[in-house]
Amino acid sequence: MPFMSPMVMPIVKVGLSLIYHSFSVNNREIAATFAGPEPKIPVLPARQREPLLKKRKSLGQHFLRDDNMAYDIAASITSVHPYTYVVEVGPGEGRLTRHLLDLYSRQLYVIELDERFAHHLVTVFPALSERIIQQDFLQWTPDEVMGDHPFVLIGNFPYYISTEILFRALSMRSRIPQIVGMFQKEVADRIAAPPGNKQYGVTSVLLTAFYEAEVLFDIPPHLFDPPPKVTSAVLRLTRLAEPRIKSDYPDFRRVVKMAFNQRRKTLRNALKAMTTTERPVPAQWAGLRAEALSVEDFDALTEYFTA
């Protein structure tokens with residue numbers, strides 16, 4: 001082997017390194033030439049990227065981030081009554097939507113108030129783009145998009161309007177055979193509470209007059225982004241084959257609300273505005289508080305006052 005001066009060796013090493021680097025760069029350039037241009041990843045304007053980063057407290061946005069829980073919610077639809085569509089309220093980033101699409105495909109509609117998330121859903125689920133409705137559910141009229149077809153209602157309902165969503169659904173009860181929703185646990189327990197329970201109230205009576213209520217499972221705060229300050233629960237409401245009431249619903253609702261408006265008082269006093277000397281509160285209920293009466297009791301009381 002020929003002798004090489006120690007001073008020359010570093011120079012040779014540097015030269016070889018430069019040759020290797022040049023060869024590597026040329027190889028990458030050649031590969032890029034044959035591979036064609038790099039695929040363009042669509043970049044949304046900042047305003048449209050925002051929903052992926054920021055949640056609006058004013059809209060009660062707490063998004064479920066556990067995929068197993070999302071699937072369990074989607075799979076909780078079990079209506080024995082026929083329905084044509086599934087309507088998701090408040091899909092947000094679309095974790096539940098993904099499972100609903102797998103299960104119900106072209107039957108699915110989603111209603112999203114926040115325009116940022118509505119755009120995001122179009123981007124993520126292009127096949128759903130024609131069935132994404134950017135509107136307030138409380139103002140939505142189903143006839144506009146699905147005629148008079150029945151539908152199941154499902155969603156991670158914004159907590160600050162969850163009760164309003166249920167009463168809006170109640171006004172469309174002939175169209176909605178089942179509701180599956182995520183609520184604050186306290187709200188879900190209140191709706192499903194039986195007579196004689198302190199949680200039993202107006203929402204319990206009005207909803208269970210037409211639906212069977214079941215609390216399916218709880219969801220802890222850490223499974224949401226951002227985490228809410230309360231535990232959540234999934235509630236399923238399945239419409240009864242026949243309502244539990246025979247009286248007119250507006251009259252029934254008026255009696256129930258008046259009875260619970262002063263729930264610490266007995267019905268003799270709570271319903272005083274509806275009574276007369278000739279028509280007092282019947283003796284079997286007069287000494288009871290509203291929470292002691294069943295749906296059927298309130299129905300009988302309504303018929304008594306409206307006869």
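## Terms and basis of the model

A residue is called buried when its relative accessible area is under 20%, exposed when that area is over 50%, and partly exposed in between, using a 1.4 Å probe and protein chains only. Glutamate 303, with a relative accessible area of 39%, is therefore partly exposed.

This is a predicted model, in which local features need pLDDT of at least 70 and side-chain atom pairs count only at pLDDT 80 or more, while totals for chains, interfaces and linings use all residues. Residues are numbered from 1 along each chain as its sequence is written, and side-chain values use heavy atoms, with hydrogens and water left out.

## Confidence

The predictor's confidence in each residue is given as pLDDT, on a scale from 0 to 100. The protein chain has an average pLDDT of 84, and 80% of the residues score at least 70. Over residues 1–51, however, pLDDT stays under 50, and for this stretch the model has 14 contacts beyond four places in sequence, where contact means heavy atoms within 4.5 Å. Where pLDDT is low, the predicted coordinates should not be read in detail.

## The chain as a whole

The protein chain contains 13 helices and nine strands; these elements are DSSP runs numbered from the N terminus, with helices (H or I) having at least four residues and strands (E) at least two. Of the 307 residues in the protein chain, 42% are buried. Among the contacts in the protein chain with a separation of 6 or more, 69% are between residues 24 or more positions apart.

The accessible surface of the protein chain is about 17100 Å², and 56% of this surface belongs to carbon and sulfur atoms. Such areas come from the Shrake-Rupley method with a 1.4 Å probe, and for residues only the protein chains shown count as cover.

## Helix 10 and helix 13

Two packed helices are described by the angle between their axes and the distance between the axes. For helix 10 (residues 249–261) and helix 13 (residues 295–306), the axes come within 9 Å and cross at roughly 110°. The axes are lines fitted to C-alpha atoms, for helices over the stretch in contact, and the angles run from 0 to 180 degrees between N-to-C directions. Helix 10 and helix 13 are therefore roughly perpendicular to each other, since angles of 65 to 115 degrees are given that name, those under 35 being roughly parallel, those over 145 roughly antiparallel and the rest oblique.

On the side of helix 10, the residues that take part are Asp251, Phe252, Val255, Val256, Ala259 and Phe260, and they meet Val295, Phe298, Asp299, Leu301, Thr302 and Thr306 in helix 13. Sorted by class, this contact of helix 10 with helix 13 has eight nonpolar, two polar and two charged residues; here Ala, Val, Leu, Ile, Met, Phe, Trp, Tyr, Cys and Pro count as nonpolar, Asp, Glu, Lys and Arg as charged, and the others, Gly among them, as polar.

Glutamate 303 is a residue of helix 13, and, leaving aside its neighbours within four places in sequence, glutamate 303 is in contact with Lys246 and Ser247.

Serine 294 lies in the loop between helix 12 (283–286) and helix 13. With 19% relative accessibility, serine 294 counts as buried, and beyond its neighbours within four places in sequence, serine 294 is in contact with Pro195 and Tyr200.

Leucine 121 belongs to helix 5 (residues 115–124) and counts as buried at 0% relative accessibility. Not counting residues up to four places away in sequence, leucine 121 touches several residues, including Pro91, Val110 and Ile132. Arginine 116 also lies in helix 5 and is buried, with a relative accessible area of 2%.

Serine 162 is placed in helix 7 (residues 162–170), where its relative accessibility of 3% counts as buried. Apart from residues up to four places away in sequence, serine 162 touches Phe157, Phe183 and Val187.

## Backbone features

Most residues other than glycine have a negative phi, and most peptide bonds are trans. Serine 105, in the loop between helix 4 (95–104) and strand 3 (108–111), has a positive phi of about 45° although it is not a glycine. A cis peptide bond, with omega about -10°, joins aspartate 225 and proline 226, and proline 226 is in the loop between strand 8 (224–225) and strand 9 (232–239).
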